[in-house]
Amino acid sequence: MTAAPALTCTALSFTWPDGTVAFDGLDLSVGAGRTGLIGRNGSGKSTLLKLLAGTLTPGGGSVRAAGEVGYLPQDATLDTALRVDEVLGIARTRAALLAIERGDAGEEHFAAVGDDWDVEERTLAVLDQLTLGHIGLDRAVGEMSGGECVLLRLAALLLARPSVLLLDEPTNNLDLRARRRLYAAVDAWPGVLVVVSHDRELLERVDRIAELRDGEVSWYGGPFSAYEESLAVAQQAAERTVRAAEADVRRQRRELAEAQQKLSKRKRTGQKASANKVVPRIVANERKRAAQVSAGRHRAVQEQRLEQARERLGEAAEAVRDDDGIRVELPHTAVPPGRDVLLLRELTLRHGTRLKGVFEIRGPERVALVGPNGSGKSTLLRTVAGELAPLAGEAEARVPLRFLPQRLDVLDDELTVAQNVALRAPRATPNQIRAGLARFLFRGAKADQRAGTLSGGERFRAALAALLLAEPAPQLLLLDEPTNNLDLASARSLTGALEAYEGALVVASHDEPFLESIGVTRRLSLDGL
């Protein structure tokens, strides 16, 4: 870390309105270079970035930044009525340039332009750098895909050139080509960068890893692979310490039991000698009293040693991680081979994407929906789910289905996690709902947390739980970029669950390792359609 950190948190505290404590006295200093901020879902990564960016106000402590801070949030939604140049912050300058070109020499136009006469050229260069050169500055945001909106927000930040750049899951929704462009932008960023991500390739490009765990930050040098190596060494040492502490507890228990046995034996011997009048009563009583005092001291010492051994075991066990991933148990909704599941015929989607001919899914097929950003993958899934009507053609699902959109907007933010599930499963008892939620790691008070206070990863789990615990259970599952907000452990758990799923599956994803792991049987490409 540098002597003059770019970001500093001092005694930072923050509590959500429902009383959930996110941070209590956090101290943090971030220096020059690229920092990867990692942690389990719900550990507070996005909350910390919002505090650093100033979009949340801390309940205590302070946040200081050396220079302007630029922030790309995880849920980078935009007003669909805005134009591209308005999002980029250059609309006023463009209007002034246009007025000057038309012969209006008003002073206010020259003031609006300042020294930024090449603003359009620079902007188009940045858009092209991020694979957005085709969109045009006058296009409406509502005509763009989710991935294009993420890149557009990033382009606005690159144009603003802040001293500190904060990125929260920036590769979500991006196709492979766009990800590579983002990686290049990260590599070339000259200032301070803090990125929250579960993207291993992106995390390999950082200078250091900051892990947020239990409200504290631990620092590791090097990229993510170096962090994993350091963590593995530390965990091996912690596990050895636990084994030694367990052996010590067993030894102390044995020695305490032996001490108690000796005390009992002495007591029986003394009672026998007194009864047989081997020694005078007064001598026997004095020996008994001295033995009790000595035995009591010995027992107290042994009990203290046992308690200390237990404390050492507890401390050692705390150092061993037990990062629990979601244990999703998808309903056994088997679809027989040959069963008609989905029919798409001569389909024309909103924004003009066309699927010529007939596409059918029969039986428990696994279809990967692939294509570049803006090709219509999310639009197709929304059409199949019945949320959008096609401009022409037919999209007919012939079995019960559930759709998990990439924006996870299936939850009512004002309701708790349990209440959201109850809405979709009115016949389920509270105990059944809580038992189901426990498999998604919403145990006890977590099930009573309002959906609006959940982190991105927690929101994914809650949305997935609400859909899969609903009635009727899905025989066709539509997933739109399901791994976007999952930590690595939860992504592995989701993969395992989908491997066991017996229904039909359509997944839109740019995550090739994930698609390979779930065993897709076919691919439907929207590229160039």
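Asp-85 is found in helix 2 (residues 84-87); helices here are DSSP runs of H or I with at least four residues, strands are runs of E with at least two, and both are numbered from the N terminus. The model is predicted, so local features need pLDDT of at least 70 and side-chain atom pairs count only at pLDDT 80 or more, while totals for chains, interfaces and linings use all residues. Residues are numbered from 1 along each chain as its sequence is written, and side-chain values use heavy atoms, with hydrogens and water left out.

Asp-85 counts as buried at 2% relative accessibility; buried means under 20% relative accessible area, exposed over 50%, and partly exposed in between, with a 1.4 Å probe and protein chains only. Leaving aside residues up to four places away in sequence, Asp-85 touches Ile-90, Ala-91, Arg-94, Leu-137 and Asp-138, where contact means heavy atoms within 4.5 Å.

Side chains of opposite charge can pair when their charged atoms come close. A salt bridge is counted when a side-chain nitrogen of Lys or Arg lies within 4 Å of a carboxyl oxygen of Asp or Glu. The structure holds 26 salt bridges.

Asp-199 counts as buried at 10% relative accessibility, and Arg-179 counts as buried at 14%.

Arg-459 is buried, with a relative accessible area of 16%, whereas Asp-413 is partly exposed at 33%.

Glu-471 is partly exposed, with a relative accessible area of 30%, and Arg-427 is exposed at 70%. Elsewhere, salt bridges that share partners join Arg-83, Asp-85, Glu-86, Arg-94, Glu-120 and Asp-138 into one network.

**Strands and their pairing**

Two strands pair if DSSP finds at least two bridges between them. Strand 3 (residues 34-38) is mostly covered, five of its five residues being buried. Arg-34, Gly-36 and Ile-38 are buried on one side, and Thr-35 and Leu-37 are buried on the other. Strand 3 runs parallel to strand 7 (residues 192-196), joined by four bridges, and Arg-34 has Leu-193 as its bridge partner there. Four bridges also pair strand 3 with strand 8 (residues 208-213) in the parallel sense; in strand 8 the bridge partner of Ile-38 is Glu-211.

An open sheet of three strands has the order 2-1-4 and antiparallel pairing. Its edge strands, each pairing on one side only, are strand 2 (21-30) and strand 4 (60-65). Neighbouring strands of this sheet are turned by 20° against each other on average, direction ignored; the axes are lines fitted to C-alpha atoms, for helices over the stretch in contact, and angles run from 0 to 180 degrees between N-to-C directions. Strand 1 (residues 7-15) pairs with strand 4 over five bridges in the antiparallel sense, and Ser-13 has Gly-60 as its bridge partner in strand 4.

Strand 10 (residues 340-348) and strand 11 (residues 354-362) run antiparallel and are joined by seven bridges, with Asp-340 opposite Arg-362. The two strands form a hairpin with five residues between them, and His-351 in the turn has a positive phi of about 70°. Strand 10 also pairs with strand 13 (residues 392-397) over five antiparallel bridges, where Leu-344 has Ala-395 as its bridge partner.

**Aromatic rings**

Rings of Phe, Tyr and Trp (its six-membered ring) pair if their centres lie within 6.5 Å; planes under 30 degrees apart count as stacked, over 60 as edge-to-face and the rest as tilted. The count by this rule is four aromatic pairs. The rings of Phe-14 and Trp-16 have centres 4.9 Å apart and planes at 90°, so this pair is edge-to-face. Phe-14 is buried at 7% relative accessibility, as is Trp-16 at 18%. Ring pairs also link Tyr-220, Phe-224 and Tyr-227 into a cluster.
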